[in-house]
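Have the viewer open as you read.

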Amino acid sequence: MAKLPPFPGTTGKRAWPVAIRALRALLANGDDTSQVFRIMRALNVGDTANGYARLIASGDGGRIAYERVELAQRFSDRDWVAGFAPGTVGAAYRDFLASTGYSADGLVEVSRLDPAESDVAHPYAWMGRRTRDVHDIWHVLTGYKADETLGEACLVAFSYAQTRGLGWAFIAGGAALKSLRETRGTLFAKAVREGYRNGTRAAWLLGEDYERLMHEPIDAARSRLKIADPALYRRAQAELGARLASYASAQKARAQATERLA
């Protein structure tokens, strides 16, 4: 695999205090997505460069990198998203947007921790945006719910296996550990571990041509990409119920209720 230099001006050091503070905030309020990006920036040192090197060393990756499609712009094109045939990955993504109220450009805005921040013109920065922008497509492909603590924890574990970015592991581990107390059992944590295991067995999703993938029948895509059915996750959803499966959001609701009574 190609070896590339680090991003200009970076120190290569991880900011653990920043990551710890952000994880505490995220576990207290699972809807505070900005904390995810703080953790990624603090811990995923060098991982984007490694991912870019892997991409350009792959068969179709050189073309993808050369074209530098900004996926957030593509996924925000309503006419494009509306045109996918039933049963495709794109149609499932369209249903995902309708059911969650999420959007690709909304994720972009949350990721901009500094209001003055703009998209950096550098191959590694583009690769980082690509990794960010496919997150919701990975929800669709894996079956992990986005508006649920359990689903997000399983997907970040899957993402760690795919990217080797330590920030993903930090979030997944924190959520799994806290679940032991919140759910009084190990099923949540086992589902998270299953997410990591499924991620290690799947094809490398960052190397996919997403404009092409969106037109592929979703069952065929999952089979081709070796994305396993998350059986433990579905069992945890059923046995824990919506409240425990979304314990971080439940904590936020309790905190808001306490504030109203104060």
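## The second largest cavity

Lining the second largest cavity are Ala72, Phe75, Tyr93, Ala104, Leu107, Asp133 and Asp136. Helix H5 (71–75) and H8 are the elements that give two or more residues to that lining; helices here are DSSP runs (H or I, at least four residues), numbered from the N terminus. A cavity, on a 1 Å grid over the protein atoms alone, is a set of points where a 1.4 Å probe fits but cannot get out, and lining residues have an atom within 4 Å of a point.

The space inside is about 40 Å³, where a volume is what probe spheres set on the points fill, with grid points joined across faces, edges and corners. By class, the lining has five nonpolar, no polar and two charged residues (Ala, Val, Leu, Ile, Met, Phe, Trp, Tyr, Cys and Pro count as nonpolar, Asp, Glu, Lys and Arg as charged, and the others, Gly among them, as polar).

## Ground rules and confidence

This is a predicted model, with local features needing pLDDT of at least 70 and side-chain atom pairs counting only at pLDDT 80 or more, while totals for chains, interfaces and linings use all residues. Residues are numbered from 1 along each chain as its sequence is written, and side-chain values use heavy atoms, leaving out hydrogens and water.

The protein averages a pLDDT of 91, and 92% of the residues score at least 70; pLDDT is the predictor's confidence in each residue, from 0 to 100. Over residues 254–262 pLDDT stays under 50. Where pLDDT is low, the predicted coordinates should not be read in detail.

## The largest cavity

The largest cavity holds about 80 Å³ of space. Helix H4 (61–67), helix H9 (123–133) and helix H14 (210–213) each give two or more residues to its lining, and H4 gives the most, with three. Its lining splits into five nonpolar, no polar and five charged residues.

## Thr88

Thr88 sits in the loop between H6 and H7. Its relative accessibility is 7%, so Thr88 counts as buried (under 20% relative accessible area, with a 1.4 Å probe and protein chains only).

A polar atom of the Thr88 side chain lies 2.7 Å from the backbone oxygen of Ala85, and one lies 3.1 Å from the backbone nitrogen of Ala91. Leaving aside residues up to four places away in sequence, Thr88 touches Met214, His215, Glu216, Pro217 and Ile218 (contact means heavy atoms within 4.5 Å).

Definitions and conventions:
Buried < 20%, exposed > 50% of the residue type's maximum accessible area, 1.4 Å probe, protein only. Polar contact = N/O pair within 3.5 Å; in protein donor to acceptor, adjacent residues only side chain to side chain. 1 Å grid on protein atoms, 1.4 Å probe; cavity = no way out; pocket = protein on both sides within 12 Å on 5 of 7 lines; lining within 4 Å.
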